[in-house]
Amino acid sequence: MSSLRNSLRALVAAGLAAVLIAPASAAQAEPSPAELTQRIEKSSTELERVVESYNKLTEDIKANKAAAAKLTARIGPLEAQTAQSRADVGEIAVTAYKTGRLDTANALLSAGGPSNLLDRLDTLDQLTRQRQQRISGFTESQRKLLDQKARLDATLAKQAAQAKQLAAGKKKIEKDLAELYEMRRQAYGRATEPPAPRAKSKSGESSAEQAPAVSGRAGTAVRYAYGALGKPYVWAADGPNGYDCSGLTSAAWRAAGKSLPHNTKMQWGVVSHISRSELRPGDLVFYNSLGHVSLYVGGGQVIHAPTFGRNVEKRDVDLMKPYGYGRVR
């Protein structure tokens with residue numbers, strides 16, 4: 001009987017040990033490379049949206065700085081105009097004080113007598129109107145100056161708030177990026193892809209010379225994109241050593257003499273929307289609800305800066321489901 005009890009105790013102890021050990025073992029199980037890859041892709045997509053929001057905020061700050069510079073340029077002449085109007089009004093006051101004792105009787109008794117009274121009254125009337133115009137001009141100059149200064153103060157305050165928001169966004173991106181790169185190390189053994197070998201032509205020129213023959217500004221943009229192949233994805237960067245997706249397309253078209261905002265949604269807002277059948281080299285292809293953009297280079301291919309830890313590459317236009325197509329105007 002005691003041996004039976006001992007056997008039961010041993011079985012219960014073994015069962016309890018199995019129950020206690022099994023969850024711990026499962027909790028310590030490392031995610032597979034496939035699971036890590038899935039997490040990396042999800043995190044990359046979410047983080048790219050954050051980066052594009054950061055890029056938009058940067059574009060907004062640039063626009064506000066330009067607006068502030070214009071307002072400042074306008075305020076200078078208005079200040080000078082207001083100062084001149086103030087001086088004019090002061091001069092009128094001094095003149096009125098010095099000549100204020102002259103009245104109609106003095107005018108009648110002065111040389112020329114009543115025969116020149118109408119002329120004198122007309123002259124006084126003109127002087128009065130001029131004085132009122134100067135005073136009104138001074139008031140209007142003051143109003144414009146105060147209005148422009150208020151607009152400038154509001155713009156600068158908005159700019160300061162945006163700068164704080166930008167700094168906070170940068171910290172969040174850097175924190176999330178550190179976690180993302182750690183996942184890449186676990187999955188692939190390194191945080192970023194190795195630099196792609198730069199293809200050389202027979203003459204020893206870089207791969208930028210191997211771009212298809214495309215004329216005009218679109219050709220310049222396409223050649224620039226080819227020249228970026230193999231360079232790393234760098235968030236919020238627009239070259240020349242690294243790019244994010246909208247940074248690459250804006251840099252390519254900047255080389256062609258066209259200015260595009262460094263933000264995917266803003267780029268969609270300034271291009272002409274076209275159909276897929278109208279696509280030609282230099283056009284932009286948008287993806288992921290305007291979360292990603294690439295440059296079409298012909299032959300059903302695009303060049304894009306894919307995501308964190310990756311390098312600029314050439315892929316099929318259907319690398320993901322396209323959102324729409326745009327032509328730079």
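Is Leu 290 buried or exposed? Buried: the relative accessible area of Leu 290 is 10%, and the cut-off for buried is under 20%. Some notes on the rest follow, bearing in mind that this is a predicted model.

1. Overall layout. The chain has 7 helices and 6 strands. Reading from the N terminus, the order is α-α-α-α-α-α-α-β-β-β-β-β-β. Of the 329 residues, 35% count as buried. If you take contacts between residues at least 6 apart in sequence, 65% of them join residues at least 24 apart. The accessible surface comes to about 19500 Å², with 57% of that belonging to carbon and sulfur atoms.

2. The β2–β3 loop. Leu 290 sits in the loop between β2 and β3, and its phi is near 65°, a positive value in a residue other than glycine. Asn 288 is found in that loop too, between β2 (284-287) and β3 (292-298). The phi of Asn 288 is also positive, near 55°. Most residues other than glycine have a negative phi, so have a look at both spots.

3. The cis bond. Check the peptide bond from Gly 239 to Pro 240: it is cis, with omega near 0°. For context, most peptide bonds are trans. Pro 240 is found in the loop between α5 (216-227) and α6 (245-255).

4. Helix α6. Here 9 of the 11 residues are buried, so α6 is largely enclosed by the rest of the structure. The buried ones are Cys 245, Ser 246, Gly 247, Leu 248, Thr 249, Ser 250, Ala 251, Ala 252 and Trp 253. Just after α6 comes Gly 257, with a positive phi of about 90°.

5. How α5 meets α6. The two axes come within 7 Å and cross at roughly 130°. That angle makes α5 oblique to α6. The crossing is right-handed. On the α5 side the contact is made by Arg 217, Ala 218, Thr 220, Ala 221 and Tyr 224, and on the α6 side by Ala 251, Ala 252, Trp 253 and Ala 255.

6. The nonpolar cores. The largest nonpolar core has 47 residues, and those touching the most other members are Trp 235, Trp 253, Leu 284, Leu 295, Ile 303, Phe 308 and Val 312. At least two residues of this core come from each of α2, α4 (117-188), α5, α6, β2 and β3. There is also a second, separate core of 9 residues, including Ile 274, Tyr 287, Tyr 296 and Leu 319. As background, nonpolar side chains tend to be buried together in soluble globular proteins.

7. Phe 308 up close. Which residues is Phe 308 in contact with, leaving aside its neighbours within four places in sequence? The list is Ser 44, Leu 47, Glu 48, Val 51, Leu 177, Leu 180, Tyr 181, Arg 184, Tyr 233 and Trp 235. Trp 235 is, like Phe 308, one of the core residues that touch the most other members.

8. Asn 64 is found in helix α2 (residues 33-99). At 13% relative accessibility, Asn 64 counts as buried. Apart from neighbours within four places in sequence, Asn 64 is in contact with Thr 155, Lys 158, Gln 159 and Gln 162.

Definitions and conventions: Residues numbered from 1 in each chain as written. Predicted model: local features only at pLDDT ≥ 70, side-chain atom pairs only at ≥ 80, totals over all residues. Heavy atoms only, no water. Helix = DSSP H or I, 4+ residues; strand = E, 2+ residues; numbered from the N terminus. Buried < 20%, exposed > 50% of the residue type's maximum accessible area, 1.4 Å probe, protein only. Contact = heavy atoms within 4.5 Å. Areas by Shrake-Rupley, 256 points an atom, 1.4 Å probe, with all protein chains shown as cover. Core = buried A, V, L, I, M, F, W, Y, C linked by side-chain atoms within 4.5 Å. Axes fitted to C-alpha atoms, helices over the stretch in contact; angles between N-to-C directions. Parallel < 35°, antiparallel > 145°, perpendicular 65-115°, else oblique. Left-handed = near helix turned anticlockwise from the far one by under 90°.
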